[in-house]
Amino acid sequence: VRKLKEELDINVTSFEVFGIKKMLIDWVHWMGIYYLVGVENEHYKNKEPEKHEEVARISQEQLPNMLHADLIKQAMLKSRNDQNFISTTFSTPKSHTMWEALFWYVDIKIHHLIREKSVSHIRILPLYERNNTVGENEKIGKRFNWKRPTVEIEENTLILTCFPWRAYAKHYAALLHTYFVIHQLSCPLISYTLPSSEMILNSLQQTNLKYFPQQDTVVLGMVDHLSPLRDEPTEREWEGDFLWKSGEYHWKKVALLGCKFSFWWDIAGHIVTLLAKKGVKKVIYVWKLGGLKDTFLPNQMLATGGESLVDGEKITRENPFKDIKDEMVIHGKHYTSYSIIAEDKQRLHQVQNEFDFVDPEIGYMAQAANDQKIEFWYLHIISNILTRTHEENLSNERTRSIKEKRKELFEKISSYLKTFL
């Protein structure tokens, strides 16, 4: 307290130690002791410039890598100002578009420690922390989209850490609240911290995506099901969270790019932005989405289009896939939802007359592509129908029969990609 007054002219109202870290810098051992400090106001000055070259506020993202993860987590846990609390609204099988399948969908997403441990508070932090307890429900055997949030327990608080993006924090808060409500369990306090755009971008740049080579076209998403990736890859690039295989096709550099952790909403747009800054001219997205028409058949049709709605804004772009003449390829308009949990019947009723598809990524990716002045196309499997009950839905999509149907659709996607590239 005395040193802060002497050197910065800051009056301290409260403080506590929140982190101690040993470091080796240029072969010299250091110990850093870090405090969370309350002050009377935000004004400060460098009163001892002979000691301090500079005094400045920095963002969390500017912390040195050696300090970043541990200190950010501890600061988030101590802070109460950045918490968002889940509202009292939730979905039930009666109100949700998945009907009774909502039970099964929610159950397969819940980390086993949430079932086993009774806590008073669940905090969702935007940190990619794989050293904590990994859930037993991670999709073992998959190459992409299998890493899920990890968990640790401190006293009576369960801390769930996920890759930093805004929609996932909100999604997991809603998912957990729905789990406790539909199973009629006592619900702990659930809060989540939203990352800044800088934090999201910094986290992406820490992955092996920073080594991604210059390409003309990137096919992104479920690319392990496309024909060129049937054989096990041997490239060194397949060691990180982003996995790719690249080559030349009709004198253009084309890469297939997948990701081990799941992504959607805002982070999907950040990925497109990062690819564009690396020189990519065209992104083609291959994944799955929900259908909003009774006539659609799940796992038998493909979806594409050139128009999306994002936060009330219409996003349009050129879509060469419109030239596909196939009654099983549907050309339509897309609506952006931040989470499957948010897809209740009331919201569906408001959009189903104007839109054909719903998913959390396409709109943000198209928006980022427009901003970066690159092309964006998508060709997706219609995986579930939101307007009526169907025996095939997101709660049972891992069954053998659905996998076989999707295998045929991926063959069709592979064929169209070859034609249009």
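Q: Leaving aside neighbours within four places in sequence, which residues is Phe212 in contact with?
A: In this predicted model, Phe212 is found in the loop between helix H6 (197-205) and strand S8 (217-221). Once its neighbours within four places in sequence are left aside, the residues in contact with Phe212 are Val218, Trp244, Ala255, Leu257, Leu275, Lys278 and Val280.

Q: What separates the C-alpha atoms of Phe212 and Trp244?
A: Trp244 is among the residues in contact with Phe212. Along the chain these two residues are 32 residues apart, while the separation of their C-alpha atoms is 8.2 Å.

Q: Is Phe212 buried or exposed?
A: The relative accessibility of Phe212 is 4%, and the term buried applies under 20% relative accessible area. Phe212 therefore counts as buried.

Q: Which kind of aromatic pair do Phe321 and Phe420 form?
A: The count of aromatic pairs comes to 16. For Phe321 and Phe420, the ring centres are 5.2 Å apart and the planes stand at 75°; planes over 60 degrees apart count as edge-to-face. The pair is therefore edge-to-face.

Q: How many residues apart in sequence are the parts that the pair of Phe321 and Phe420 ties together?
A: Phe321 lies in the loop between strand S14 (313-316) and strand S15 (329-336), whereas Phe420 lies in helix H10 (residues 400-420). Because of these positions, the pair ties together parts whose separation in sequence is 99 residues.

Q: Is Phe420 buried, partly exposed or exposed?
A: Phe321 is buried, with a relative accessible area of 0%. For Phe420 the relative accessibility is 23%, and buried would mean under 20%, exposed over 50%. Phe420 therefore counts as partly exposed.

Q: Which parts of the chain does the aromatic pair of Tyr335 and Phe355 link?
A: Tyr335 and Phe355 form a tilted pair, 5.6 Å centre to centre with 50° between the planes, and both residues are buried. The two are 20 residues apart, and the parts linked are strand S15, which holds Tyr335, and, for Phe355, the loop between helix H8 (345-351) and strand S16 (357-359).

Q: Which element gives the most residues to the nonpolar patch on the surface?
A: The patch is formed by Val1, Phe15, Val17, Ile20, Met31, Ile33, Tyr35, Val37 and Val39, which together have about 830 Å² of accessible area. Two or more residues come from each of strand S1 (12-25) and strand S2 (28-39), and Phe15 lies in strand S1. The element that gives the most, with five residues, is S2.

Terms used. Residues numbered from 1 in each chain as written. Predicted model: local features only at pLDDT ≥ 70, side-chain atom pairs only at ≥ 80, totals over all residues. Heavy atoms only, no water. Patch = residues over 30% accessible without salt bridge, like charges linked within 9 Å, V, L, I, M, F, W, Y side chains within 5 Å. Areas by Shrake-Rupley, 256 points an atom, 1.4 Å probe, with all protein chains shown as cover. Salt bridge = Lys/Arg side-chain N within 4 Å of Asp/Glu carboxyl O. Helix = DSSP H or I, 4+ residues; strand = E, 2+ residues; numbered from the N terminus. Phe/Tyr/Trp six-rings, centres within 6.5 Å; stacked < 30°, edge-to-face > 60°. Buried < 20%, exposed > 50% of the residue type's maximum accessible area, 1.4 Å probe, protein only. Contact = heavy atoms within 4.5 Å.
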